[in-house]
Amino acid sequence: MLFPPNDWLPQAPLERLPLGWLKIAGIEVAILRLDLIDPLISGNKWFKLTEHLKTADRCGAQGIISLGGAHSNHLHALAAAGKRFGFATVGLLRGHPQQTPTVKDLHAFGMQLHWLGYGGYRARHEAGFWAPWQTQYPTLHPVPEGGGGLPGARGCMQLRAQVCAQLGALGWSDYDGWWLACGTGTTLAGLVLAEAGEHTVYGALAVPDDHGVAEQVEQIMEESGVIAPDYQLCDASRGGFAKVDSLLLEFIEHTEQASGIPFEPLYTGKALLALKQQVEAGKFAPGTRLIFLHTGGLQGRRGFNP
């Protein structure tokens with residue numbers, strides 16, 4: 001078996017987010033701290049991997065082959081899981097060989113790496129992309145970029161139960177919606193499936209439109225047979241993939257000082273800044289209660305320290 005049984009899942013604490021701009025607006029936010037569930041298999045990555053690994057087990061695979069960039073949280077979590085639980089991992093990376101803290105960890109965890117260049121990586125959605133890799137690695141199960149697709153979304157459905165189990169400790173009987181960063185849209189899709197229309201899921205796009213997040217979410221909804229999914233997307237990319245600016249970095253610094261919670265600039269920081277902008281624009285009425293999903297990924301901030 002590639003992963004621990006499903007009856008052992010990491011539990012993330014749900015905490016109030018004590019920030020001045022929320023108090024001024026009369027809005028309450030609780031943050032689900034997926035960054036705390038595991039030092040290496042961190043954030044939403046654990047949940048996105050579970051169903052993929054079950055599928056690999058059913059197929060008799062001996063490991064996983066997947067894709068990502070030189071700072072990929074997904075590949076980092078996958079490689080760490082492979083080392084811990086004893087299965088093989090292969091990473092197909094965007095761009096050309098480079099040394100980043102993440103890449104050094106991938107090597108240390110025993111992941112075999114192949115650099116595809118940029119054109120080769122763009123071909124990942126084309127028919128036949130996986131054929132030569134499955135020929136080269138016939139015992140490995142392919143997993144989409146970021147652990148995406150319907151299996152990844154199904155693994156994230158259990159996050160709703162973790163929140164509902166902890167609402168009473170906050171003095172909440174209910175909440176009005178979720179807010180989270182989107183890189184592939186898989187976690188958002190899982191929450192939409194779990195909510196089944198009860199609460200809106202708001203996705204802050206940390207990547208540009210051409211990364212296909214909206215299309216990925218729609219495809220998962222179609223595969224699941226969901227007719228009218230309740231979610232909204234907003235742009236939080238700040239001009240492009242991995243774009244970091246001084247306003248964002250200052251916001252993260254002030255937020256960490258005020259809350260004691262670490263964020264990173266590619267996903268969670270962008271998502272929280274986008275929420276602040278939406279709150280100040282009056283999107284949410286006073287009294288609104290939101291769940292902010294901390295998707296982890298803190299290892300990736302090592303490559304973006306100012």
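Predicted model: local features only at pLDDT ≥ 70, side-chain atom pairs only at ≥ 80, totals over all residues.
Author: Quick ground rules: local features need pLDDT of at least 70, side-chain atom pairs count only at pLDDT 80 or more, and totals for chains, interfaces and linings use all residues. Residues are numbered from 1 along each chain as its sequence is written, and side-chain values use heavy atoms, with hydrogens and water left out.

Reader: Why is Thr 89 called buried?

Author: Its relative accessibility is 5%, and buried means under 20% relative accessible area, exposed over 50%, partly exposed in between (1.4 Å probe, protein chains only). So Thr 89 counts as buried.

Reader: What does Thr 89 touch, not counting residues up to four places away in sequence?

Author: Among others, Ile 64, Leu 78 and Met 111; contact means heavy atoms within 4.5 Å.

Reader: And what makes Glu 250 partly exposed?

Author: Glu 250 has a relative accessible area of 42%, which falls between the two cut-offs, so partly exposed is the label for Glu 250.

Reader: Where does the "active site" label on Ser 72 come from?

Author: From UniProt, in an unreviewed entry. UniProt positions are given in the numbering used here, feature names are shortened, and annotations may be inferred rather than shown by experiment.

Reader: Is Ser 72 buried or exposed?

Author: Buried, because its relative accessibility is 11% and the limit is under 20%.

Reader: Which residues is Ser 72 in contact with, leaving aside its neighbours within four places in sequence?

Author: Thr 102 and Gln 299.
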